[in-house]
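Visitor: I would like a close look at a single part of this model, with the cut-offs stated along the way.

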Amino acid sequence: MADEIYEIEIFQGTNFFSAKIHAFKSKDKPIREYKTNTFEELLENIAKDILEDTE
């Protein structure tokens with residue numbers, strides 16, 4: 001069984017999308033939150049965050 005690296009929760013509001021990321025291996029920023037107007041922008045922010053974390 002694999003260890004969890006991230007837990008990502010995505011929520012949809014009336015006019016926004018938000019995400020809460022729990023990074024289990026990150027000591028600098030273990031919990032991050034994003035809020036955007038479009039789902040695509042939210043996914044881009046999540047992907048960028050994970051890529052920066054793995055570099």
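Which are the buried residues of α1?

Guide: This is a predicted model, in which local features need pLDDT of at least 70 and side-chain atom pairs count only at pLDDT 80 or more, while totals for chains, interfaces and linings use all residues. Residues are numbered from 1 along each chain as its sequence is written, and side-chain values use heavy atoms, leaving out hydrogens and water. The buried residues of α1 are Leu42, Ile46 and Asp49, where buried means under 20% relative accessible area, exposed over 50%, and partly exposed in between, with a 1.4 Å probe and protein chains only. They cover an arc of only 65° around the axis, and therefore lie on the same side of α1; the arc is that of the directions from the helix axis to the C-beta atoms. An α-helix has 3.6 residues a turn, so residues three or four places apart point the same way. The buried residues pack against β1 (6-12), β2 (17-23) and β3 (31-36), contact meaning heavy atoms within 4.5 Å; helices (H or I, at least four residues) and strands (E, at least two) are DSSP runs, numbered from the N terminus. On the other side of α1, Glu40, Glu44, Lys48, Leu51 and Thr54 are exposed. Asp49, which counts as buried at 5% relative accessibility, forms a salt bridge with Arg32, their closest N and O atoms being 2.3 Å apart. That pair links distant parts of the chain, Asp49 in helix α1 and Arg32 in strand β3, 17 residues apart. A salt bridge is a side-chain nitrogen of Lys or Arg within 4 Å of a carboxyl oxygen of Asp or Glu.
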